[in-house]
Amino acid sequence: MQNLYLSLLGERIRVRSADSTIVERILDVAHQLRTEPFDDPPDLSFRFHVEDGARDLPDFDRMEELGASPYHDFSLYGAGEEGWIVVDGKSIASYRLDRGEVEGRIHPDHLPGGWVIGHRLFFIPLLEWMRHRGHYPVHGSCFRVDRRWVVVSGPSGAGKSTAVLSAIAAGAPFVADDTLFVSLEEEAIRLDSFPESVKVGKGTARFFPEWKEHLVPSGRKFLLPEERLPGPGRRTGVTPSLLLFPEIVNRARSEFEPLPPHEAMIRLMPQSVLPARRDAMERHIRILSRFVESVRSYRLLFGRDLRRLPERIAGLQEAPSG
């Protein structure tokens with residue numbers, strides 16, 4: 001049995017599996033969380049093994065009675081402290097948040113690629129655990145322009161990573177390029193990072209030729225090692241000032257359209273809130289509402305001047321609000 005020890009915002013996480021491939025696929029996602037072995041019981045414990053047929057499990061009928069929330073490549077059953085993630089009716093992870101336990105049964109078909117293991121059966125229960133502990137996920141990137149922290153949120157392909165790359169190229173510090181955690185600290189909004197590798201889309205890569213030799217192929221994107229990035233690198237525990245929702249448009253210059261808090265909330269929620277027990281969802285929605293009320297929100301019409309985006313944002317910050 002192999003053990004992988006991880007740490008995220010003070011939470012101690014242990015992954016156990018007899019299959020080294022499973023451990024390697026999780027490490028692909030969480031290598032920056034790796035820590036020294038600890039003797040105390042973990043806060044969250046994962047156990048994975050290879051097994052055929054999620055639909056043959058004795059609890060599958062009960063899962064279907066609870067109802068499924070379907071997503072584009074997986075289904076989430078149950079709610080709150082007990083739940084199941086099922087992918088293709090083959091691989092499954094069941095979690096009990098009250099016990100801090102996750103058990104994954106991985107179909108052999110899902111072993112080679114690793115996406116199902118790392119990004120579905122490991123990452124989603126981890127996000128649910130962090131929400132259970134008061135750190136609520138937000139699908140977005142975050143970076144600093146001047147002295148203000150900017151959050152960019154949107155679906156995959158909207159421009160989150162492109163925005164953070166433009167800031168990094170200009171020497172700015174950043175928090176994350178895909179996943180953030182929002183929490184309250186002394187009644188102030190705090191943003192922390194899920195520190196995974198910075199990702200570069202193949203279409204975006206051509207705008208940053210200085211990194212071409214450092215890009216590492218990873219599925220449909222490239223990974224950019226953090227030691228190759230300019231500037232002061234990753235930060236955590238920041239207070240946001242701006243919230244942008246990007247849309248890629250065919251125009252020369254990027255433009256910004258103000259959004260009222262209620263419309264920002266409508267755009268932010270689908271990117272961040274997985275179904276859960278009612279009280280957990282209410283807490284998540286409340287803190288997101290506090291978040292959008294504490295910042296200025298804009299629709300970002302992302303033009304071809306992406307290398308000048310930090311300059312455009314700086315000008316936006318200097319403009320009077322309202």
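Begin by selecting Ser-45, Arg-47, Glu-101, Val-102 and Glu-103, which lie nearest the centre of the second largest pocket, a site lined by 15 residues. This is a predicted model, in which local features need pLDDT of at least 70 and side-chain atom pairs count only at pLDDT 80 or more, while totals for chains, interfaces and linings use all residues. Residues are numbered from 1 along each chain as its sequence is written, and side-chain values use heavy atoms, with hydrogens and water left out.

**The second largest pocket**

A pocket here is an open set of points on a 1 Å grid over the protein atoms alone, where a 1.4 Å probe fits and protein lies on both sides within 12 Å along at least five of seven lines; lining residues have an atom within 4 Å of a point. The volume of the second largest pocket is about 270 Å³, where a volume is the space filled by probe spheres set on the grid points, joined across faces, edges and corners. Next, colour the strands β2 (11-17), β3 (44-50), β7 (91-96) and β8 (101-106), each of which supplies at least two residues of this lining. Among the elements, β8 gives the most to the lining, with four residues. Helices and strands are DSSP runs numbered from the N terminus, with helices (H or I) of at least four residues and strands (E) of at least two. If you colour the lining of this pocket by class, you will find four nonpolar, two polar and nine charged residues.

**The largest nonpolar core**

Now select Phe-46, Phe-48, Phe-122 and Leu-126, the residues with the most contacts inside the largest nonpolar core, which has 38 residues. Such a core is a set of buried Ala, Val, Leu, Ile, Met, Phe, Trp, Tyr and Cys residues joined through side-chain atoms within 4.5 Å, and buried means under 20% relative accessible area, exposed over 50% and partly exposed in between, with a 1.4 Å probe and protein chains only. Centre the view on Phe-46, which, leaving aside residues up to four places away in sequence, touches Ile-13, Arg-14, Val-15, Arg-16, Val-102, Leu-121, Phe-122, Pro-125 and Leu-126; contact means heavy atoms within 4.5 Å. Apart from this core lies another, of 31 residues, including Val-150, Ile-168, Phe-174 and Leu-244.

Move on to Val-87 in strand β6, a buried residue with a relative accessible area of 2%. Not counting residues up to four places away in sequence, Val-87 touches Asp-73, Phe-74, His-110, Val-116, Arg-120 and Leu-121. In helix α1, select Arg-25, which is buried at a relative accessible area of 19%. With residues up to four places away in sequence not counted, Arg-25 touches Leu-111, Gly-113, Gly-114, Ile-117 and Gly-118. A distance drawn between the C-alpha atoms of Arg-25 and Asp-43, which are 18 residues apart along the chain, comes to 21 Å.

**Helix α4**

Is helix α4 largely enclosed or largely open to the outside? Nine of its ten residues are buried, so α4 is largely enclosed by the rest of the structure. Within this helix, which spans residues 160-169, pick Thr-162, which counts as buried because its relative accessibility is 11%. The side chain of Thr-162 makes a polar contact, at 3.0 Å, with the side chain of Thr-204. A polar contact is a pair of N or O atoms within 3.5 Å; within protein, one must be able to donate a hydrogen and the other to accept it, and residues adjacent in sequence count only if both atoms are side-chain atoms. Also in α4 is Ser-166, buried with a relative accessible area of 1%, and a polar atom of the Ser-166 side chain lies 2.6 Å from the backbone oxygen of Ala-163. Not counting residues up to four places away in sequence, Ser-166 touches Phe-208, Leu-306, Leu-309 and Pro-310. Just after α4, Gly-171 takes a positive phi of about 90 degrees.

**Two loop residues**

Finish with Leu-9, in the loop between β1 and β2, which has a positive phi of about 50 degrees although it is not a glycine. At 31% relative accessibility, Leu-9 counts as partly exposed. Asp-146, in the loop between β9 (136-145) and β10 (148-153), likewise has a positive phi, near 55 degrees, in a residue other than glycine.

Methods. Nonpolar A, V, L, I, M, F, W, Y, C, P; charged D, E, K, R; others polar.
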